[in-house]
Amino acid sequence: MELELELDNGRTPAETSRNADHLCVLVHGLWGNPSHLDFIATSLRDRFKEDRLHILAAKRNSGNYTYDGIELGGERLAHEVEETLEKLAKEGHNIRKISFVGYSLGGLVARYALGLLYARGWLDKLEPVNFTTFVSPHVGVRLPLKGTWGFLWNNVGPLTISMSGKQLFMIDTFRDSGRPLLSVLADPDSIFIKALKTFKHRCIYANIVNDRSTIFYTTAISSTNPFQDLENVQFDYVKGYEPVIIDATKPVSIVKPERPSFLEQLQRQITSFFTNLPFQTFFTAFVIIGVPLFLLNAVVQNFRSQRRIRRHEAAHSRQIFDRYRVPVIVNEVQHVVEEVFESAGARQQPDYLSSSSTTTTTTPASDATKKHRVTISSSSATDLESKLEEDDIEPLLRRSSTTDSFESAARFPTLALTAAQFSIIDSLNAVGFRKFPVWIHNHRHSHAAIIIRVQKRGFDEGKVVVKHWLDQEFEI
């Protein structure tokens, strides 16, 4: 049964102001629901009255429906946005502008849906204004870590959240491309990148600490993490938003730490032990009790997700969603992205590729340029030879020069990412995003605190983040 379409404050298009010409779509994350974005919705409404802005908190992917993958979620979201625009038009609204806000996985779902809307002509009819993501894993969630934890996370993680897990860990194959969905999503010739380029403002917010869901490199679209050792770096905050929003346009510098005395070291260890004791106790209990229950629930939810995916592909659903199975690559020849994706279980990766990095650092994939493969929609071998020269291909597998000040000011080590992840970083940075590293000091769960996902003590710094976004980045 079709869900009743609701806009801000639970009202239908017939009940909302006909003066507003701007639709802002909010997209929640994994296991989420529209209420997770209540603070953002309320902040938008406090700033912009209902005669200026409509707010759609998308709900077709709520809860365990987020297990079903970015492609299916993107189709649902595109359908929900199209229905909203059509019903608004039917009720006499003249929508001329559109914006998207994605939280966590919702940022990827939004990017997929935007490609579909672009292909169907909506971004020609409307003015794309703002595209924002808060802690979205644009480069996947594979940990560039060695050791037991990295091994377990990179191998067990993809099995726990059905298709979404495979796509986030980049072990899936999107349609007949031979590549993971996240690689196709960042292909410079895809409808997804072309859709992103139409937006007037693009920005991302990334936690630098305590985000155990989506770590800094993926949310900031970066091959380095200058904030790994906060005691040994200096940086500037954005004036008026201290000490939460870091100014990424100014350099992060390394400072030489003074060697602490034996008593200072002992005091730090004791303080750290008692500070972390509640968390360690909870973590131990979670490992003993929670992990088996989580894995059992994962089996059940994966089964239900696969059943939903099969229903989505059934004849009845395809009558609705076939319109979204459009060609995703615009040009005849896809941009080359390395197609060899090793499993962390096959061999252990180091933490870093090198002790330092520059804008011309070559990734381990450089040797692979000699044996790349290209997917062709319709082109002869002769055409292919004329279109693909080695000089055109190799730069895709190197770090681009579109680095941020916080990356280039000091020689920070390059993370041990895969060739595909480096290509995603290069492609998305070439599109251009304003980046805002965020330091949540007062709570360990910075992934939730950054947008005040729930009203909770210690989440107040999220108000600074949202205020900065509204003051400096969101245009009505």
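A residue counts as buried here when its relative accessible area is under 20%. By that cut-off, Ala 419, Ala 420, Gln 421, Phe 422, Ser 423, Ile 424, Ile 425, Asp 426, Ser 427, Leu 428, Asn 429 and Val 431 of helix H15 are buried. The model is a predicted one.

Stay with H15 for a moment. Twelve of its 13 residues are buried, so the helix is mostly covered. The cover over those buried residues includes helices H3, H7, H8 and H9, along with strands E5 and E8. From first C-alpha to last, H15 reaches 19 Å, close to the 18 Å expected at 1.5 Å a residue. Gly 432 follows the helix, and its phi is positive, near 105 degrees.

Now step back to the whole chain. Its secondary structure comes to 17 helices and eight strands. Of its 476 residues, 52% are buried. Take the contacts between residues at least 6 apart in sequence: 80% of them join residues at least 24 apart. The chain exposes about 22,100 Å², and carbon and sulfur atoms supply 54% of that area.

His 22, Cys 24 and Leu 26 point one way from the strand. Leu 23, Val 25 and Val 27 point the other way. Both sets are buried.

E1 has strand partners. E3, residues 97-103, runs parallel to E1 and is joined to it by six bridges. One of these pairings sets Val 27 against Gly 102 of E3. E2, residues 54-57, also pairs with E1 in the parallel sense, over four bridges. There, Leu 23 has His 54 as its bridge partner.

Next comes the nonpolar interior. In soluble globular proteins, nonpolar side chains tend to be buried together. The largest nonpolar core in this model holds 65 residues, and Leu 77, Val 81 and Phe 100 touch the most other members. The elements that give two or more residues to this core are E1, H2, E3, H3, H4, H7, H8 and H15. H3 gives the most, with nine residues. A second, separate core has 35 residues, including Val 101, Tyr 205, Leu 470 and Ile 476.

What does Phe 100 touch? Leaving aside residues up to four places away in sequence, its contacts are Val 25, Leu 77, Val 81, Ala 110, Leu 114, Leu 117, Asn 130, Phe 131, Thr 132 and Phe 199.

Finally, some backbone details. Glu 242 and Pro 243 are joined by a cis peptide bond, with omega about -10 degrees. Pro 243 is in the loop between strands E6 and E7. Ser 162 is not a glycine, yet its phi is positive, near 50 degrees. This residue is found in helix H6, residues 162-168. Is Ser 162 buried or exposed? It counts as buried, because its relative accessibility is 4%. Met 170 is another non-glycine with a positive phi, about 60 degrees. It lies in the loop between H6 and H7. At 6% relative accessibility, Met 170 counts as buried.

Methods. Residues are numbered from 1 along each chain as its sequence is written. This is a predicted model: local features need pLDDT of at least 70, side-chain atom pairs count only at pLDDT 80 or more; totals for chains, interfaces and linings use all residues. Side-chain values use heavy atoms; hydrogens and water are left out. Buried means under 20% relative accessible area, exposed over 50%, partly exposed in between (1.4 Å probe, protein chains only). Two strands pair if DSSP finds at least two bridges between them. A nonpolar core is a set of buried Ala, Val, Leu, Ile, Met, Phe, Trp, Tyr and Cys residues joined through side-chain atoms within 4.5 Å. Contact means heavy atoms within 4.5 Å. Accessible areas come from the Shrake-Rupley method with a 1.4 Å probe; for residues, only the protein chains shown count as cover. The expected span of a helix is 1.5 Å times one less than its number of residues.
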